[in-house]
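Subject: Model handover: sheets, helix packing and an interface

Hello,

Here is the model for your files. Please look it over before reading my notes.

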Amino acid sequence: MHTAAGVEARLPIRSDMDLVWVRQHVRQAAAQLGFGLVDQTKLVTAASELARNTLVYGGGGTMESQHLVDGSSHGLRLVFSDQGPGIADVEQALSDGYTSGGGLGMGLGGARRLVHEFAIESAPGAGTTVRVTSWTGRTPRPREEH
Amino acid sequence: MPEHAADGTFVNPTGEVRDFLRRRREQIAQRWADEPLFRTVFTVSRDEAVEAAKAVVDALAEVADAARVEDPDAAGFSSVREQLGRMGTARSRAGLSAGQISSELASLRLPLENPLLADLQEAEAPEGHVRACMTTLTVLIGTLRVVVMQTALSEGQALIDRQRLQLLEVATPVIKLWDGIVAVPLIGTLDSARSQVVMETLLEAVVEQQARYAILDITGVPTVDSLVAQHLMKTVAAARLMGAECIVSGIRPAIAQTIVHLGLDLGTVVTRAGLADALAYALHKLGAGIVADADLR
Amino acid sequence: MYPGGAAGRVPVLKLGEVLLVTIQGDLHDSTAEQLQQDLSETIARSGATGVVIDISGVEIVDSFLGRVLAEIAAQSALLAARTVVVGMRPAVAITLVELGLTLPGLRTALSTEQAMDLLTGPSRLGGRRQESP
């Protein structure tokens, strides 16, 4: 039986030092909930991509982690929010190769492929919230290509 | 003590049941410890059974305190959920059906009913209140039953999941063919879950054996759809990132046709007709050759 | 202090013609960028012909670190040095592929010995190269 202690948290994302904290927190939380090594690595990588987006494009924000339970499966939900300029065209931002600076343009679209559930809310001037969830004991569902 | 309103009437059945559980905690636990559900599961000593029973009494009191007697997800249950699951699983392993376990749980109500009734009569509670309290108790035990069955079911599901995964691993043997060459002969249908296991097992073996060549032999795979092909490509790409080369062998004519029909591009993947050809390719790349006996003479 | 986090500088060792870098744990973005700069300066100064980057102690590679590795390889090539990335863990490789980063320009090897063979070869076996087709 896994407990939520140590899984639920709210972390600031203000500097590239905070990215290290985010990765370590997600690693520990995922390990505690019983995720396998590959799934842990996918989640931590997704968190790293999304936290960097929050920092670079959103001008900083927070990550909140939650423990979900569905039958015998445990879920880890990560919510990244910022009060930044927001994204005008979410579909375009999700497509590979899209970047408004810096990376290889794998941030959002790449992160989406690493988790089981992905939702994004954003509007120009209204900030961005990205919510991702993965579950233990589930293989990623086959994903339609975008 | 029974809760009374200012005018002396009895108004709060859940509070009444909570107070009763706290007041009679020791006595209830002693009775429950003799029930098969506790007696046969906690076998180290009678004290162990009594302690386990106390934990359940405390949980029920907490649930009543929060006025959530109908809610199997009430926070009060969380401290005993694991214990209840263990009890359910143990009884089920002892050969009891779900129905039998359920009635064992229902029989936990009896040791509570009489003392509660006695307490209420002593306090001269009105009949309506007595009935409300008995109903609350019945509901509370019913909820406890749901919690145990839920937990036992999810334990069962977890067991099935674990066994399914073990089966996948057993069905994916990685064979060392030569120093630096490993192979996985795949037999049967590849679904998404199995492809994942194949990928992980093969890559782990690449590290363990320091294998520069990894052969995926799909001779025994009846069909390859686009999803399976995608998994094969991912495995090849991941092996490349680690410093190893993947060779896919045993693509039967029908599968080759499917791959072409689906418009899949295996262009970057080294393919060979059979396992032997793949092995020869890898040996050649490693600088080892195979020569016929005659050539050596 | 960041537990397990490597802040500061990653040391660059020189073995003959080859520069050896071992990355451990969780790298800060700034540390990775510093390494990229240090490497190009060291190659230019020393005339090294090869760079071996051991990432067997790295638990995740995201697109940022992936980009840094690709850029190190590209800038080393401009300075006539070849780069080999060594010891990527299976979980990291699977994740990178899922992320969509196959880093086609990067040479890779299972061990430092193999990487050295690849760079200082051609040995009898012939250095095996990992390059995009």
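Ground rules first. This is a predicted model, in which local features need pLDDT of at least 70 and side-chain atom pairs count only at pLDDT 80 or more, while totals for chains, interfaces and linings use all residues. Residues are numbered from 1 along each chain as its sequence is written, chains are lettered from A and ligands numbered from 1 in the order in which they are written, and side-chain values use heavy atoms, with hydrogens and water left out.

**Sheet in chain A**

Chain A has an open sheet of 5 strands, ordered β1-β2-β3-β5-β4, with antiparallel pairing. Helices (H or I, at least four residues) and strands (E, at least two) are DSSP runs, numbered from the N terminus. Two strands pair if DSSP finds at least two bridges between them. The edges are β1 (9–13) and β4 (117–122) of chain A; each has a single partner strand, so one side of each lacks a neighbour in the sheet. From one strand to the next, the twist averages 15 degrees.

β4(A) is joined to β5 (residues 128–135) of chain A by 6 bridges.

α1 (residues 16–32) of chain A touches β1, β2 (61–70) and β3 (73–82) of chain A, and its direction makes about 155 degrees with that of β1(A). Contact means heavy atoms within 4.5 Å. Axes are lines fitted to C-alpha atoms, for helices over the stretch in contact, and angles run from 0 to 180 degrees between N-to-C directions. α2 (residues 37–56) of chain A touches β1, β2, β3, β4 and β5 of chain A, with its direction at about 15 degrees to that of β3(A).

**α2(A) against α3(C)**

α2(A) also packs against α3 (residues 90–99) of chain C, at an angle of about 50 degrees and with the axes 9 Å apart. The two helices are therefore oblique to each other (under 35 degrees is roughly parallel, over 145 roughly antiparallel, 65 to 115 roughly perpendicular, the rest oblique). Among the residues making the contact are A:Leu37, A:Thr41 and A:Glu49 of α2(A), and C:Ala91, C:Ile94 and C:Leu99 of α3(C).

**Chains B and C**

How many residues of chain B are in contact with chain C? There are 23, and they meet 22 residues of chain C. The two chains bury about 1900 Å² between them, 62% of it on carbon and sulfur atoms. Buried area is the accessible area (1.4 Å probe) that two parts lose on being put together, summed over both. On the chain B side, B:Arg212, B:Leu241 and B:Met242 lose the most area to chain C, together 37% of what that side buries.

α10 (residues 226–242) of chain B packs on α3(C) at about 125 degrees, with the axes 8 Å apart. This pair is therefore oblique. B:Leu241 and B:Met242 are among the α10(B) residues that meet α3(C), where the partners include C:Pro90 and C:Val97.

**Sheet in chain B**

Chain B has an open sheet of 5 strands in the order β1-β2-β3-β4-β5, with mixed pairing. Its edges are β1 (175–178) and β5 (270–272) of chain B, each with a single partner strand. Neighbouring strands are turned by 30 degrees against each other on average, direction ignored. β1(B) pairs with β2 (residues 181–187) of chain B in the antiparallel sense over 3 bridges.

Best wishes
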